[in-house]
Amino acid sequence: MEKGNISVSLATRTLGNLEHSRRNTPKMKKVYGILLVIVLAIALSYCSTSTVQQEEQDYTEATLGNEKITVDPVKMEEDLLNLVNLHRESIGLAILSKSDPAYKYAEEHNDYMISKNTLSHDNFQSRAEKIAEETNAISVSENVARYYVSAEKTLEGWLNSSSHKEAMEGDFSHTTLSVQLDKQGRPYYTQIFIKVK
């Protein structure tokens, strides 16, 4: 924006000097007006240095916390679990069975993250121990996310993160997924991966 302001002020001074020397003839006023519009258009075009993609990303990030999102948590859970299993199957891994006993722990963790307005793996050790006790699990892992508005985007986000991808592609037999909305309707995700004896 600085470039634009400098260009505009220089153009205004230049036109002002010319105008003063030519004495305000109607024809010259019209020429000066057209020149001023051209200079302003050029100056304003220099203000934008970002790409369209960057502007779209900035807009998405700026509005994400403010827009009302309509997500059906139950459908999102089904869709995302199916996508995770399709991904595992596509790379030669076994599909994961649902673990109903672990669901309450995923749900409780979403409640916790929503209350703190942040993503976290806080209290994971305690959660994993309780899940192991109830399910005879020998290994437990989890992925968390928030604000993704589609199962596809959530999966993509996890696949783009090495630690989340490792959990999703790990040696597990069962999984559970809770999707819950905060007061603004924004989704939070906790997926727990379990290997049962």
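In this predicted model, helix α5 is followed by Asn-117, whose phi is positive, near 55°.

The buried residues of α5 are Ala-102, Tyr-105, Ala-106, His-109, Asn-110 and Met-113. They cover an arc of only 145° around the axis, which places them on the same side of α5. An α-helix has 3.6 residues a turn, so residues three or four places apart point the same way. On the face of α5 turned away from the buried side lie the exposed residues Asp-100 and Ser-115. The cover over the buried residues of α5 includes helix α6 (124-135) together with the strands β2 (137-146), β3 (174-181) and β4 (187-196).

Eight of its 10 residues are buried, so β4 is largely enclosed by the rest of the structure. Strand β4 runs antiparallel to β2, to which nine bridges join it; in this pairing, Val-140 stands opposite Ile-194 of β4. Strand β3 is also antiparallel to β4, with eight bridges between them, and here Gln-180 has Tyr-188 of β4 as its bridge partner. The strands β3 and β4 form a hairpin with five residues between them, and Gly-185 in the turn has a positive phi of about 85°.

With ring centres required to lie within 6.5 Å, the count comes to two aromatic pairs. The rings of Tyr-147 and Tyr-188 have their centres 6.0 Å apart and their planes at 80°, so this pair is edge-to-face. It links distant parts of the chain, since Tyr-147 sits in the loop between β2 and α7 (151-159) and Tyr-188 in strand β4, 41 residues apart. Tyr-147 counts as buried at 15% relative accessibility, and Tyr-188 is buried with a relative accessible area of 0%.

Phe-172 and Phe-193 form a tilted aromatic pair, 5.8 Å from centre to centre with 35° between the planes. Phe-172 lies in the loop between α8 (162-168) and β3, and Phe-193 in strand β4, so the pair ties together parts that are 21 residues apart in sequence. Phe-172 counts as buried at 10% relative accessibility, while Phe-193 is buried with a relative accessible area of 0%.

Terms used: Residues are numbered from 1 along each chain as its sequence is written. This is a predicted model: local features need pLDDT of at least 70, side-chain atom pairs count only at pLDDT 80 or more; totals for chains, interfaces and linings use all residues. Side-chain values use heavy atoms; hydrogens and water are left out. Buried means under 20% relative accessible area, exposed over 50%, partly exposed in between (1.4 Å probe, protein chains only). Helices (H or I, at least four residues) and strands (E, at least two) are DSSP runs, numbered from the N terminus. The arc is that of the directions from the helix axis to the C-beta atoms. Contact means heavy atoms within 4.5 Å. Rings of Phe, Tyr and Trp (its six-membered ring) pair if their centres lie within 6.5 Å; planes under 30 degrees apart count as stacked, over 60 as edge-to-face and the rest as tilted. Two strands pair if DSSP finds at least two bridges between them.
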